[in-house]
Amino acid sequence: MANISLKMPGGGRFVISHYPVDAIGIEERAASFTKRSIKGESKLDLLYLALSMCDLTTLEGADTEGKIRQLCAKAIHPVSPFAVSEIEKITNKKMRPIPSVAAVCVYQNMVPYAKKYLGDSKINIAAVSTAFPASAVSTDIKLRDVKKCIELGATEIDMVIDRGAFLSGKYQKVFDEIVAVKDICAGKAHLKVILETGELVTYDNVRLASMMSMYAGADFIKTSTGKVTPGATIPVTLVMLQAIQDYYDETNIQIGMKPAGGIRTAKQAIHYLCMVNEVMGADWMNPDMFRFGASAIVNDILKQIFKQYSGKYYYSYDFAID
Amino acid sequence: MIKKTSKTKKPVKAVKTVKVVKAEKKSKGFKIDYSPSLEGTSIVTIKPRNELFIGGKFVAPKSNKYFDTVNPATGEKISELALANKDDVDSAVKAARHAYNGEWGKMSGKDRGRLLFRVARILQERAREFAVLETLDGGKPIKESRDVDVPLAAQHFFYHAGWADKLDYLAPNKKVSPVGVCGQIIPWNFPLLMAAWKLAPALACGNTVVLKPAETTSLTALLLADVFNEAGFPAGVVNIITGAGETGAALVNHPDVNKIAFTGSTDVGKLIAKSIAHSNKKLSLELGGKSANIIFADAAIDQAIEGVVNGIYFNQGHVCCAGSRLLVEESIVDEVVKKLQRRLDMIRVGNPLDKNTDLGAINSLEQLNKINELVDLGKKEGGDFYQSSSPLPKKGYYFAPCMFSNVTSAHTLNRIEIFGPVLTIQTFRTPDEAITKANDSRYGLAAGIWSEKGSKNLKIAGALKAGVVWVNTYNKFDAASPFGGFAESGWGREGGRHGLFSYLKID
């Protein structure tokens with residue numbers, strides 16, 4: 001891979017230098033976070049934080065108003081007040097209030113239902129856009145998709161980059177599309193740029209795509225659509241976090257990170273947060289700067305929180321499905 | 001790394017506007033300080049008093065003297081060790097000679113291998129016990145004793161067990177035979193692992209051994225004695241005697257010892273070489289180092305940073321091959337220093353038994369004083385000093401990791417081995433200058449190269465005067481890979497095929 005020279009929208013060029021990533025090294029560092037032993041109070045802190053960082057997601061052809069209603073209820077109250085009071089009675093301890101999740105993430109046609117059922121809660125509505133997940137349509141249709149999402153009430157746009165263009169070296173096209181989407185989003189919606197790292201394959205590609213996305217205006221960069229295997233991994237997320245760190249050093253602008261797809265357990269979430277804690281520091285340890293694109297972890301996190309309080313294990317059926 | 005041309009400024013700024021607002025209103029997140037997660041110590045029983053292991057039994061020293069061994073994490077005494085005098089050394093050597101002339105000397109390579117495989121398996125079975133004891137005795141973080149020291153020690157026994165019945169293939173058309181009784185003296189930085197490095201090849205080759213662990217860290221070696229008995233080794237094949245310099249000198253000068261293997265400081269290594277110069281004892285030395293770690297501008301920088309951290313801060317810097325001299329291409333030095341400083345603050349210094357501790361206790365008060373003295377001297381000589389902000393435990397021997405950037409080759413800290421978590425950083429302009437600076441040392445144990453350009457790596461690796469050259473990694477050890485140094489870093493190799501020659505006569 002070489003340096004990439006890109007035309008800026010207002011004229012002029014800038015260069016993204018080749019910044020290689022050593023695969024063995026990144027995987028070793030990533031593994032070190034999975035060996036942290038998180039116990040007691042710090043475990044509870046991280047579980048609560050992880051819950052508040054979740055983007056509860058449904059992206060199915062079969063999505064309906066009913067399904068979205070269900071998802072939004074879960075987003076607002078991940079656990080019913082009844083279950084909390086039950087625990088408090090048994091343990092004679094006051095539980096820290098269980099937070100709502102950060103956002104729900106849906107297709108464009110489901111945005112009105114999300115708006116309806118989230119009501120005046122502070123939960124964000126993220127719409128996957130730009131012909132998610134393959135991004136295989138013309139640019140004007142992608143842009144209309146974004147516009148429509150915002151019109152319908154999306155507060156966050158999860159766009160996908162054109163991986164075909166990226167892999168064939170048409171970096172300019174990828175860049176221009178992100179810039180164009182950003183123009184539509186600016187001031188109205190947060191822009192998350194999905195790289196689909198499972199299709200970019202190499203860490204060098206992930207690093208380059210991360211840098212291009214941030215310079216094109218991403219507020220967040222996100223690993224995956226959830227439709228491709230592998231989804232998020234700890235090493236891929238580490239590459240992206242280090243790109244975010246370098247971008248911050250150059251511009252003083254904080255960009256957020258969202259691993260998505262493949263994160264299923266509270267334990268995994270804790271590993272990710274240890275990584276954010278140690279690589280990025282406290283400034284990134286909040287839902288404005290870090291999100292989990294995962295629905296499956298919510299109930300596992302709740303199980304662990306309840307276990308921390310009561311000392312006993314819970315079943316999945318102790319908590320509502322989403 | 002982004003290079004912008006001047007014309008690009010306007011559009012980039014336009015894109016940024018929204019985000020700047022966001023950056024301003026960013027909420028401070030959580031700073032998570034991991035709650036203590038202590039490894040339990042109930043698995044280990046530390047005897048209040050430890051005897052000498054001679055002829056398969058623990059026996060009281062003829063000296064009738066004992067000395068204290070302390071846990072550096074607290075500074076408190078944890079046990080007493082027997083002090084072996086000349087007579088004790090003589091008993092141990094006699095026991096070793098007796099075993100060599102007896103059952104062990106007649107045993108086939110296959111059977112020696114069988115016993116060594118047993119040692120390896122028992123080490124794996126009792127891994128946690130060894131890891132906890134190693135950490136209690138030496139102060140290294142439990143995650144290192146658990147994930148590095150003990151598994152590698154077991155691997156050394158597995159690897160050499162495999163050689164025991166294949167020695168005839170080592171030197172075709174030659175006759176190989178054991179050397180005899182080996183005196184082995186090991187250091188305090190990897191007590192169990194160094195014992196394994198020394199014992200496994202010696203035993204695989206059919207020798208018997210008198211091993212002297214370092215006086216501050218003898219407990220895991222004594223526990224290993226237990227393993228040899230459990231594995232069914234004939235009495236006297238392995239003898240372990242504890243004591244300090246005088247005990248070591250008695251062993252080195254004993255007339256019935258055929259070979260001395262020593263790992264430790266260059267000064268002591270020279271003394272040993274002198275004192276056996278007029279004998280026909282074989283000698284292998286693994287001594288000090290001041291190894292260079294070289295980062296080129298075309299390296300994968302973030303991974304190189306990790307390599308530097310692993311190179312110098314692993315095991316509190318108590319590593320003979322530690323990458324203590326960092327050489328950075330001048331064009332990227334600011335970036336590297338900034339990233340290293342940030343990384344230094346993330347290193348958790350603390351109780352070695354805490355599973356989240358990255359940097360444990362300095363091995364002894366003596367060593368801590370030495371590090372403090374040298375760092376003070378470094379500060380006087382100049383350079384930019386940076387030390388991790390990690391809090392230190394109140395009790396025990398601790399030193400926060402630190403680095404000196406902007407120093408030159410003439411700086412004292414670039415000349416002498418510190419054996420602590422202290423890094424120096426110099427710059428270079430061209431590959432030739434990097435090679436010259438890297439080789440500008442009395443030592444030549446190891447070196448590291450960081451570059452994504454393969455042809456450059458090969459060329460530079462060949463030009464470095466160092467026994468081990470790691471490319472795009474550092475501090476990787478394997479029983480199959482020979483280890484040893486150039487110049488004042490030592491004589492001979494340990495590990496791998498090469499390491500066996502130190503323990504064999506070849507006719």
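Here is a tour that goes chain by chain, with stops to select on the way.

**Before you click**

This is a predicted model, so to speak of local features a pLDDT of at least 70 is needed, side-chain atom pairs count only at pLDDT 80 or more, and totals for chains, interfaces and linings use all residues. Residues are numbered from 1 along each chain as its sequence is written, while chains are lettered from A and ligands numbered from 1 in the order in which they are written.

**Stop 1: chain A as a whole**

Select chain A and switch to cartoon.

Of the 322 residues in chain A, 52% are buried. (Buried means 20 or more other C-beta atoms within 10 Å of the residue's own, exposed means 12 or fewer, and partly exposed is in between, with C-beta atoms placed from the backbone.) Now count contacts in chain A between residues at least 6 apart in sequence: 74% of them join residues at least 24 apart. (A contact is two C-beta atoms, placed from the backbone, within 7 Å.)

**Stop 2: helix α1 of chain A**

Select residues 23-33 of chain A and look down the helix. Which residues of α1 are buried? They are A:Gly25, A:Ile26, A:Arg29 and A:Phe33. Seen down the axis of α1(A), these fall within an arc of 95°, so they line one face of the helix.

What covers the buried residues? The cover includes α10 (203-216), α11 (234-251) and α12 (266-279) of chain A, together with α11 (301-313) of chain B.

**Stop 3: the cores**

(A nonpolar core is a set of buried Ala, Val, Leu, Ile, Met, Phe, Trp, Tyr and Cys residues joined through C-beta atoms within 7 Å.) Leaving aside neighbours within four places in sequence, A:Val104 is in contact with residues including A:Leu56, A:Leu71, A:Ala114 and A:Ile125.

**Stop 4: chain B and its domains**

Chain B has 16 helices and 23 strands, and its C-alpha trace spans about 85 × 50 × 40 Å along the principal axes. Buried residues make up 54% of its 507 residues.

Colour domain 1 (49-287) and domain 2 (292-479) separately; these bounds come from an automatic or database domain assignment. How many residues of domain 1 touch domain 2 in chain B? It is 20, in contact with 21 residues of domain 2. On the domain 1 side, α5 (127-138) and α6 (142-163) of chain B each give two or more residues, and α6(B) has the largest share, with seven.

**Stop 5: helix α10 of chain B**

Select 266-275 of chain B. Here B:Thr266, B:Val268, B:Gly269 and B:Ile272 are buried. They fall within an arc of 160° seen down the axis of α10(B), so they line one face of the helix. On the other side, B:Asp267 and B:Lys274 are exposed. The buried residues of α10(B) pack against α9 (245-253), β11 (259-263), β12 (282-286) and β22 (490-491) of chain B.

**Stop 6: two single residues**

Zoom to B:Cys205, in the loop between α7 (191-204) and β9 (208-212) of chain B. B:Cys205 is buried, with 26 other C-beta atoms within 10 Å. Beyond neighbours within four places in sequence, B:Cys205 is in contact with B:Leu167, B:Pro178, B:Leu500, B:Tyr503 and B:Leu504.

Finish at B:Phe404, in strand β16 (402-405) of chain B. B:Phe404 counts as buried, with 23 C-beta neighbours inside 10 Å. Not counting residues up to four places away in sequence, B:Phe404 touches residues including B:Gly378, B:Phe385 and B:Leu413.

Technical notes: Helix = DSSP H or I, 4+ residues; strand = E, 2+ residues; numbered from the N terminus. Arc of directions from axis to C-beta.
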